Amino acid sequence: MTDKTEIISKLNAYIVTELLKRPDKTIGADEALISGGLIDSFSLVDLALFVEQSWGARIDDTELNAETFDSLGQLADLIAARAN
Amino acid sequence: MSTLASTLIARATEAPQQPALTFVERGGEHTISRGEFLQAAQAYSSRLAVAGLGAGDLVILVLQHSLDLVYAFWGASLLGAVPSIFPFLTEKLDPDLYRQRVKTLVEHSDARAIITYPENAEPLSELLSELPVQILVTGATTADFKLPASEISLQSEGLAPEAIALLQHSSGSTGLQKGVALSHRAVLRQVQAYGKAIALDPQTDVIVSWLPLYHDMGLIAGFVVPVLTGTHLVLMSPFEWVRQPTSLLEAIGRHRGTLCWLPNFAYKLIARSVRPGAEFDLSSWRAVINCSEPVYDESHQVFVEKLAPFGFSADALAVSYAMAENTFAVTQTEVGKPPTVDVVEIAALQERGEAIPTAEGKRVVSCGTPIESVELAIFDVERNALPERRVGEIGLRSEFMLSGYYKRPELSAEAITADGWYLTGDMGYLADGELYISGRKKDLLIVGGKNIYPQDLEDIANRTAGVYPGRAVAFGVLDERLGSEKVVIVCELQEGADPAAAEQALRAKVVQETEVTVGDLRFVPRGWILKTSSGKHARTDNREKYLSEFGG
C-alpha cells in the first residue's frame, strides 16, 4: 500500500531540497510544475530517476511532459498506479 | 566560384549512393543518400522558384527539427536565396507572443518568404497580411518539379563570393533580434579551416548531433560541416534527446560515431542519466567538443568517470570557443588529448585581472589555439593589446567573420572596429598561445545552452502583479548540479501583495515568454536592491549580496 499523501510529501522533499535548493518551501499538490515554470527540462530526467529508484515506477521518456503530469498530485497518482 | 549550393551538388554528384544523413526519430531512423538528399532539397527550390523567389531573397524557416527543415534549408540555398532558421514554437511558449516575434523578424529583415506547416500558415498569413512576404507550406515533392533542376541551380551559379549565404539569428535581447549575415566565402572558409583543426576525415568520421539547427553550434558544426564535406551525419531531435539524454550514447554505439559537440550542461545531464547496469559502446568516439557555455573541468571529470567503463577515453575531451559572428569556431583544442587546465590564483584573477599560476586555485579550462586565419587579441578598456596572462576583452579578426548584421548597418558599424576587429564581449586571457575565458563583459546569461538577457527577465518581473515596478534584478549563478548557470530573480513586492501568487505568476510568465525556468526567486524587503547612481541596476553588486545572504 502506498499512501498518496506520503508520496506527495516525499516528492516535495526531493524537489525542494535537490532540484530547487529551497528546503524552506512547500509545493502545493495542484501547483503546476512544468507549465508553471518550477521544474526545467533538465531536471525532469532527475525526477524520473528518483521516482524509479524510490517506488520502482518507470516513467517513459515520452511521458516527461506537462500532459502526463504537471502537478505533484498527478505524479503521485501515476506512481501509485505503477508502484511495485 | 564555389557556393554552398555548388559544393552540395558536387558532393551528391561524386558519390550519389553514399549516405548523407541518418535522421533519428522516436521509433526508428532512416538513412538518406546524397543523391536523394539533393533531390529532396531541389523540390523545395522548385517550390520557391515557382513562387517567384530567387537569388538573394531571405527565406525564413519556421519549422520543427525535421527532414522538412533540412531540405527546405538546402532548397533555398540551391536557389541562391538566403535561408534562416527560426526556433519553432514549443509547448512552453505563448503561441501569440511567438507569432508576434515572427512578425517582428519579418518586418526588420524584409523576408520574402516563410516556409511553415499548413496548420501554422493560416494564423501567420493573417498576422502578416500587410507585409510583402509569402507563406509557403511544407511537403515539397518531385511533383513540385515544374522547372528543370538544372535551371534552378543556374540561379546560384552567378553568385559573388561575398553574396550572403545564410543568416544565423544572434541572441539579442528580444527587442533587438539581429541576424548575423555570413557570406558564401566565409562559410566555406570556416568549413575548411575547422575541418583542419579537428582533423576531419569524411571517409571515416561520423558526426552525431542532437543540437538545434537555429544555433551556430548545431547549424555549422552539426549540419553544414558534415553536409558540405560529405561526412555521414546522424541527426537526432533536441526535444527527444533532453528527455532521454543517453539516446546520444546509443546512437554513437549504433553508428560508430566519432565526433560530437555538446554544451557544458549536457555533460552533467548525460552523466546523471546513465542507469545502473546500462551498456554502451563508446570506443569509436574520438572527440566530444565542449562549446557555447562556460566550460567546467568538474563536468568533464564526472563525464569521464561515468563513461570510461563503456570505452570512453579522457583523450576524447576537447573544447572550442565559437560564435555566430565568426561563422562558428574561433579556437579549438588539439583533438586526441585532454584540454590543458590552468590553475590560477582566485583573488588575483578577480581583483586585478591577472592569471597567476598556483598549485591550488581556480581551474580554468583551455579553449585551445586560434584555428587557421584567426587572429586573437586581448584588449583593455582603452583598447590597448594586453600581454599574456592579463584579462581583457577578447577581440578577433578572421576570414570568416560576419558580413554584418542583416539590414542593421548601425549595429554592424558598432560591432567591427575601423581596423577590422570584432569585439566579442567575452573576457579572457592568453597563456602559451591558448585562450582561457574568465567571464563576460556583456550582461548575458547562458542557461542550458540558451542565451538570455537579464533586462528581459527584469522587464517581465516589472510587468508582474505584486512586484514593485523597477525593483527587480536578474542575474546568473552557477548551478553545480546542472553544470550551467541558473536564473536568479530578486524583487521587492508592493505592500499587501501575496508572495505565493506573485511567485506563481512570475515563474509562469518567464517560462511562457523565454522558455527558461527561473532557478531561484527571492522576494526581499523594500530597499534591499542596490542601485547605481545612474539608476541602472548594479547586477554584479546585487549578485554578491544575494550570494552572501542566500548562499549559492
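Which residues of strand β9 (residues 206–209) of chain B are buried on one side, and which on the other? The first legend answers this; the views that follow are of a predicted model.

**View 1. Strand β9 of chain B is covered on both faces.** On one side of β9(B) the buried residues are B:V206 and B:V208.

**View 2. The largest nonpolar core has 165 residues.** The residues with the most contacts inside this core are B:L8, B:V59, B:I60 and B:L61. Helix α8 (residues 216–229) of chain B supplies nine residues, the largest share of the core. If residues up to four places away in sequence are left out, B:L8 touches B:L38, B:W74, B:L78, B:V227 and B:L228.

**View 3. Three strands of chain B form an open sheet in the order β25-β26-β27.** The pairing in this sheet is mixed. Strands β25 (467–479) and β27 (518–524) of chain B stand at the edges with a single partner strand each, so one side of each has no neighbour in the sheet. From one strand to the next the twist averages 20°. Strands of a sheet pair through backbone hydrogen bonds, in either the parallel or the antiparallel sense. Between β25(B) and β26 (residues 484–493) of chain B the sense is antiparallel, with nine bridges. In this pair B:A472 stands opposite B:C491 of β26(B).

**View 4. Several elements of chain B cover the buried residues of helix α15.** The buried residues of α15(B) are B:P454, B:D456, B:L457, B:E458, B:I460 and B:A461.

**View 5. Chain A has three helices and zero strands.** From the N terminus on, its elements run α-α-α. The radius of gyration of chain A is 12 Å, close to the 12 Å that the globule rule gives for 84 residues, so chain A is as compact as a globular protein of that length. Along its principal axes the C-alpha trace of chain A spans about 30 × 25 × 20 Å. Of the 84 residues of chain A, 31% count as buried. Among the contacts in chain A with a separation of 6 or more, 65% are between residues 24 or more positions apart.

**View 6. Chain A meets chain B through 15 residues of chain A and 19 residues of chain B.** On the side of chain A that touches chain B, seven residues are nonpolar, four are polar and four are charged.

Conventions: Residues are numbered from 1 along each chain as its sequence is written. Chains are lettered from A and ligands numbered from 1 in the order in which they are written. This is a predicted model: local features need pLDDT of at least 70, side-chain atom pairs count only at pLDDT 80 or more; totals for chains, interfaces and linings use all residues. Two strands pair if DSSP finds at least two bridges between them. Helices (H or I, at least four residues) and strands (E, at least two) are DSSP runs, numbered from the N terminus. Axes are lines fitted to C-alpha atoms, for helices over the stretch in contact, and angles run from 0 to 180 degrees between N-to-C directions. Two residues are in contact if their C-beta atoms, placed from the backbone, lie within 7 Å. Ala, Val, Leu, Ile, Met, Phe, Trp, Tyr, Cys and Pro count as nonpolar, Asp, Glu, Lys and Arg as charged, and the others, Gly among them, as polar. A residue is buried if 20 or more other C-beta atoms lie within 10 Å of its own, exposed if 12 or fewer, and partly exposed in between; C-beta atoms are placed from the backbone. The radius of gyration is taken over C-alpha atoms; the globule rule is 2.2 Å times the number of residues to the power 0.38. A nonpolar core is a set of buried Ala, Val, Leu, Ile, Met, Phe, Trp, Tyr and Cys residues joined through C-beta atoms within 7 Å.
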